[in-house]
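The following note sets out points for a colleague who is about to examine this structure.

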Amino acid sequence: MQSTEFMIPTSVSEALDNISREDAIFLGGGTSTALLYKTRMIEPSRVVWLGKVSELKGISTSATTVRIGSTTTMAEIAANREIARLFPGVSAAAGVIGNARVRAMATMGGALAHADPRQDLPPALIAVGATVSVNSSSGSREIPLKEFYEGFLETVLSPDELVTEVSIPIRSNQRSSYLRYTPTSEGDYPTVGSGTSLIFGPDGKTIEAATAVLCGVGTVPILADEAARILIGSSGDDTTLQRAAEAVRNAVDPQDDERGTADYKREMASVFTYRSLKSCLNS
Ligand SMILES: Cc1cc2nc3c(=O)[nH]c(=O)nc-3n(C[C@H](O)[C@H](O)[C@H](O)COP(=O)(O)OP(=O)(O)OC[C@H]3O[C@@H](n4cnc5c(N)ncnc54)[C@H](O)[C@@H]3O)c2cc1C
């Protein structure tokens with residue numbers, strides 16, 4: 001096993017300088033990386049730990065946007081009152097990940113870049129229209145989170161690109177939710193997770209925009225576009241919610257595994273989308 005250099009930059013520009021070596025990796029809380037390292041699935045010659053880069057830490061709220069720095073932990077997101085008020089689904093997702101020890105260490109950047117399709121945070125953030133800001137030595141770019149995932153453990157990021165923050169637009173008349181189904185232990189990944197958002201028009205009664213996103217039932221988070229189409233123009237009455245939830249069955253692409261058959265997961269995706277939409281209406 002080759003030796004690994006451990007870098008501790010204190011600024012974004014230093015972190016970007018540090019990553020310039022071919023097999024260097026960024027490290028947030030290390031909760032995913034530690035397992036990959038231990039099992040020798042990765043053997044980086046350099047690890048660039050982001051924990052001392054103060055520019056990447058914290059949550060700020062303006063009149064139009066909430067920004068979450070990439071080294072903000074799941075525990076910090078779950079405990080933030082503005083996020084709980086504006087985006088209850090994001091707050092709920094951050095608050096159910098793993099256990100208290102994982103949430104104290106796991107960072108938002110790591111939770112997005114790891115790209116395990118069962119992860120809770122992506123569907124909750126995609127549902128409320130989050131955008132990822134990314135920096136590298138060749139420049140910066142903004143990526144809508146719904147376009148961030150390419151496959152199992154794969155994102156659009158190149159190895160030298162650093163996630164710096166996530167921004168979420170604040171929209172009036174928006175309600176959102178995240179619910180997950182874990183038949184095993186509470187601290188385990190979900191079998192299915194459902195992030196939903198409904199935006200009501202000026203009358204406060206008619207749905208103008210809707211998003212339903214599922215995790216655990218495909219190689220990437222899945223947007224259920226047909227479900228959204230069914231919801232738009234309705235008042236969110238129960239018959240429409242049921243039709244939308246039914247449409248989710250055709251959007252997802254689950255596999256048989258130890259957590260259940262593909263058919264069973266399709267059913268759970270539909271049931272939990274219905275409940276998540278109900279929870280939106282009650283939020
Ligand atoms: C016991 C246990 C239970 C868990 N249960 C759940 C669960 O129920 N639900 C769930 O969603 N997840 C769960 N997880 C996974 C957990 O969410 C992830 O491990 C965690 O979010 C990763 O964050 P991190 O900061 O620790 O990432 P790290 O391990 O530090 O990094 C993960 C990946 O992201 C890259 N990276 C990190 N930060 C950045 C950045 N700023 N820019 C670019 N790339 C970056 C790293 O290079 C690495 O490839 C569990 C993990 C454990 C260990």
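1. A residue is called buried here if 20 or more other C-beta atoms lie within 10 Å of its own, exposed if 12 or fewer, and partly exposed in between. By that criterion, buried residues account for 44% of the 283 residues in the chain. The model is a predicted one, and the remarks below should be read accordingly.

2. Overall form. The chain contains 11 helices and 14 strands. Its radius of gyration is 19 Å, close to the 19 Å that the globule rule gives for 283 residues, so the chain is as compact as a globular protein of that length. Along the principal axes, the C-alpha atoms fill a box of roughly 60 × 45 × 30 Å. Of the contacts between residues at least 6 apart in sequence, 64% join residues at least 24 apart.

3. Domains. The chain is divided into domain 1 (5–49), domain 2 (54–169) and domain 3 (174–282). The centres of domain 2 and domain 3, taken over C-alpha atoms, are separated by 20 Å. Between these two domains, 22 residues of domain 2 are in contact with 22 residues of domain 3. On the side of domain 2 that touches domain 3, at least two residues each come from α5 (88–96), α8 (121–127) and β8 (149–151). The residues of that side comprise 14 nonpolar, five polar and three charged.

4. Helix α5. Is this helix enclosed or open to the outside? Seven of the nine residues of α5 are buried, so the helix is largely enclosed by the rest of the structure. The buried residues are Gly-89, Val-90, Ser-91, Ala-92, Ala-93, Ala-94 and Val-96. They pack against α3 (74–79), α4 (81–86), α8, β11 (174–181) and β12 (192–200). Just after α5, Gly-98 adopts a positive phi of about 55°.

5. The ligand shell. Gly-98 also belongs to the surroundings of the ligand: 30 residues surround the ligand, and the closest are Gly-28, Gly-29, Gly-98, Gly-109 and Gly-110. The elements that contribute two or more residues to this shell are β2 (24–27), α6 (100–105), α7 (108–113) and β10 (162–169). Which element gives the most to the shell around the ligand? It is α7, with four residues. By class, the shell residues divide into 14 nonpolar, 14 polar and two charged.

6. Helix α11. This helix covers residues 262–282, and at 1.5 Å a residue its 21 residues should span 30 Å; the end C-alpha atoms are 30 Å apart, which agrees. Its buried residues include Lys-265, Arg-266, Met-268, Phe-272, Tyr-274, Leu-277 and Cys-280. The buried residues of α11 pack against β11, β12, β13 (207–215), α9 (225–231) and α10 (238–251).

7. Most residues other than glycine have a negative phi. Leu-153 has a positive phi near 60° and lies in the loop between β8 and β9 (154–155). With 15 C-beta neighbours inside 10 Å, Leu-153 counts as partly exposed. Asn-173, likewise not a glycine, has a positive phi of about 65°. Asn-173 is located in the loop between β10 and β11, and it is partly exposed, with 15 other C-beta atoms within 10 Å.

8. Phe-200. Asn-173 is also one of the residues that Phe-200 touches; the others are Lys-205, Thr-206, Ile-207 and Glu-208, not counting residues up to four places away in sequence. Phe-200 itself lies in strand β12. Because 19 C-beta neighbours lie inside 10 Å, Phe-200 counts as partly exposed; the threshold for a buried residue is 20. Phe-200 and Met-41 are 159 residues apart in sequence and 46 Å apart in space, C-alpha to C-alpha.

9. Ile-8. The loop between β1 (5–7) and α1 (12–18) holds Ile-8. Ile-8 has 15 C-beta neighbours inside 10 Å and therefore counts as partly exposed. Leaving aside residues up to four places away in sequence, Ile-8 touches Trp-49 and Lys-52. From Ile-8 to Asn-18 the C-alpha separation is 8.9 Å, with the two residues 10 apart in sequence.

Methods. Residues numbered from 1 in each chain as written. Predicted model: local features only at pLDDT ≥ 70, side-chain atom pairs only at ≥ 80, totals over all residues. Contact = placed C-beta atoms within 7 Å. Domains from an automatic or database assignment. Nonpolar A, V, L, I, M, F, W, Y, C, P; charged D, E, K, R; others polar. Near = placed C-beta within 6 Å. Rg over C-alpha atoms; globule rule 2.2 N^0.38 Å. Expected span 1.5 Å × (residues − 1).
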